[in-house]
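Welcome! Please take a look at the sequence and the 3D structure below, and then walk through some of the details with this briefing.

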Amino acid sequence: MSLGTSRALVLEQFGALPRPVDRPVPEPRPGHTLVRMRAAQVAHLDLNVIDGKFGILPDLPAVPGTTGSGVVLASDTHPEGSLVRLGGKGLGMRRDGCWAEHALVPDAAVEAVPEGTDPALACSYFSPVGTAWAAVHSVAEVRPGERVLVTGAAGAVGAMAVQVAARAGAEVVGVVGRPAKLGHVPAPAKPVLAAELSPESVGGPVDVLIDTVGGPVLKDALALVRPGGRTALVGYTAGRDFGVDLADFLLADVALLPVNLMRRGKEVAADAERLLADLRTGELTLAIERHPLDRLAEAVERLRTGEAVGKVVLDLT
Ligand SMILES: NC(=O)c1ccc[n+]([C@@H]2O[C@H](COP(=O)([O-])OP(=O)(O)OC[C@H]3O[C@@H](n4cnc5c(N)ncnc54)[C@H](OP(=O)(O)O)[C@@H]3O)[C@@H](O)[C@H]2O)c1
C-alpha cells in the first residue's frame with residue numbers, strides 16, 4: 001500500500017547542490033524506523049559530504065543529512081508519535097539521510113528526545129554540546145582557574161565550549177573572525193578579534209586552546225599557549241592544512257590533541273543529555289537559524305561563508 005509522496009533533497013553529483021524530488025514515502029521494514037522529519041541540520045560535515053570531500057561518501061543519487069529530528073510513524077522499537085533524534089549509523093554518508101520529509105533509518109540511529117523539545121534544538125544540540133564537552137573535559141581536561149582561549153567563539157561548538165569551560169571554573173577568552181560576531185560570544189568570556197590576537201589582547205599566556213576554526217587563526221592562537229599547555233583541535237572552517245615546524249613545535253611544548261566526536265559520542269552522551277536540559281531552560285544558549293527545505297542554497301551559503309551565527313537547520317514541518 002502506498003503511503004503517499006514525500007519531498008526529499010537528492011544529491012546527484014558531488015560539488016553540486018541536492019535538488020528537491022517528490023518520491024514515495026519509504027515503506028516501513030523490520031529493524032528500521034520510519035520518521036516524519038521536523039528538522040535537519042545543515043552541518044559542516046554535510047557540506048564536506050556534498051562536496052565529495054569526506055572519507056565516507058554515499059553512492060549517488062543519495063539523500064544527504066547526517067542529523068535530524070522528527071516524530072516516529074512506524075517502528076518495532078521506538079514508540080509511535082514520540083519525538084526522536086536521528087544520527088550515526090552512516091546516515092547521510094553511507095545511507096540516505098535526513099534532508100527529507102520522511103526518513104527510514106536503522107533503529108539504532110534513533111534516540112529518544114524529551115517531549116516538548118524544539119525539533120530544531122533536538123536535531124542540533126548533540127554535536128556542539130558533545131564536542132564542547134569532549135574538548136573541555138575529556139581531551140583538554142580543563143581545571144578550575146585555568147585560562148582558556150576558544151576560537152570560533154560565536155560558532156556552535158565554540159560558543160558551547162566557552163560556556164562549558166566557564167562552568168568548569170576557567171577564565172575564558174573568545175576569539176571571532178569578524179567584528180559583527182563580537183556581540184555573539186557568550187558571557188562571561190572576553191571577546192577578541194582574531195586579527196588582534198596578541199599576548200596583550202588575551203591578557204597573557206593561556207593554559208588551554210580550544211580551536212574550532214583551524215588555518216591561520218590556529219597558528220596565531222597556538223603562539224599564545226604557555227609551554228606545557230594543551231590545545232584541543234576541533235575543526236577547520238578557516239583551513240584544513242596545518243604545517244608544523246618540528247623545531248618550533250618542540251620548543252613551544254604544547255600538546256596538540258584531536259577531538260573526534262564520532263569516536264567519543266557514547267562517552268559524552270549522558271553529559272550531552274544533561275546539558276540539553278539546560279538548553280531547554282535557557283541556562284545555556286545555542287543560537288539556531290532556520291531555513292525552509294526549498295531554501296537549501298541560502299542555508300548552505302550562510303554556513304559556508306561563516307555568515308551564520310550558530311546552528312543552521314532546515315525546517316521540515
Ligand atoms: N572534531 C569533531 O568531532 C567535530 C564535531 C563537530 C564539529 N566539528 C567541526 O568544528 C568546526 C566548527 O563547527 P561549528 O558547528 O561550530 O561551526 P560554525 O557554527 O559554523 O562555526 C565555525 C566558525 O568558523 C569561523 N570561520 C572562519 N573562517 C570561516 C570560513 N571561511 N567559513 C566559515 N566559517 C569560518 C566562523 O567564525 P568567525 O566568523 O568568528 O571567523 C564560524 O563561526 C567545523 O569545522 C566542524 O566540522 C568537529
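Helix H3 and helix H7 (residues 261-281) have axes that come within 7 Å and cross at roughly 110 degrees. H3 is therefore roughly perpendicular to H7, a label for angles of 65 to 115 degrees, while angles under 35 count as roughly parallel, over 145 as roughly antiparallel, and the rest as oblique. This is a predicted model, in which local features need pLDDT of at least 70 and side-chain atom pairs count only at pLDDT 80 or more, while totals for chains, interfaces and linings use all residues. Residues are numbered from 1 along each chain as its sequence is written, and side-chain values use heavy atoms, with hydrogens and water left out.

**Reading the terms**

- Helices (H or I, at least four residues) and strands (E, at least two) are DSSP runs, numbered from the N terminus.
- Axes are lines fitted to C-alpha atoms, for helices over the stretch in contact, and angles run from 0 to 180 degrees between N-to-C directions.

**H3 and its helix partners**

- Two packed helices are described by the angle between their axes and the distance between the axes.
- Where H3 and H7 are in contact (heavy atoms within 4.5 Å), the H3 residues include Phe126, Val129, Trp133 and Val139, and those of H7 include Leu261, Val268, Leu275 and Leu279.
- The residues of this contact of H3 with H7 divide into 11 nonpolar, five polar and four charged.
- In that count, Ala, Val, Leu, Ile, Met, Phe, Trp, Tyr, Cys and Pro are nonpolar, Asp, Glu, Lys and Arg are charged, and the others, Gly among them, are polar.
- H3 (residues 126-139) also packs with helix H4 (residues 156-167), at an angle of about 50 degrees and with the axes 8 Å apart.
- That angle makes H3 oblique to H4.
- Contact residues here include Pro128, Ala132 and Val136 of H3, and Val157, Met160 and Val164 of H4.
- By class, the contact of H3 with H4 has 11 nonpolar, two polar and no charged residues.

- Is Leu279 buried or exposed? Leu279 has 9% relative accessibility, so this residue counts as buried (buried means under 20% relative accessible area, exposed over 50%, partly exposed in between, with a 1.4 Å probe and protein chains only).
- Leu279 sits in helix H7 and touches Leu121, Tyr125, Val129, Met160, Leu284, Thr285 and Leu286, not counting residues up to four places away in sequence.
- Leu279 and Leu121 are 158 residues apart along the chain, and their C-alpha atoms are separated by 8.5 Å.
- Val225, in strand E12 (residues 225-233), counts as buried at 8% relative accessibility.
- Leaving aside neighbours within four places in sequence, Val225 is in contact with Val206, Asp207, Leu209, Arg230, Thr231 and Val254.
- From Val225 to Val254 there are 29 residues in sequence and 7.0 Å in space, C-alpha to C-alpha.

**One face of helix H8**

- Which residues of helix H8 (residues 296-305) are buried? They are Leu296, Ala299, Val300 and Leu303.
- Seen down the axis of H8, the buried residues fall within an arc of 95 degrees, so they line one face of the helix; the arc is that of the directions from the helix axis to the C-beta atoms.
- These buried residues of H8 pack against strand E1 (5-10), helix H1 (44-50), strand E14 (288-292) and strand E15 (311-315).

**Backbone details in the loops**

- Most residues other than glycine have a negative phi, and most peptide bonds are trans.
- Lys89 is not a glycine, yet has a positive phi of about 55 degrees; Lys89 lies in the loop between strand E5 (83-87) and strand E6 (102-106) and is partly exposed, with a relative accessible area of 47%.
- Glu141, also not a glycine, has a positive phi of about 50 degrees; the loop between H3 and strand E8 (147-151) holds Glu141, which is partly exposed at 48%.
- A cis peptide bond, with omega about 0 degrees, joins Leu60 and Pro61, and Pro61 is in the loop between H1 and strand E4 (67-74).
- The peptide bond from Ala187 to Pro188 is cis, with omega near 5 degrees, and Pro188 is in the loop between strand E9 (171-176) and strand E10 (190-193).
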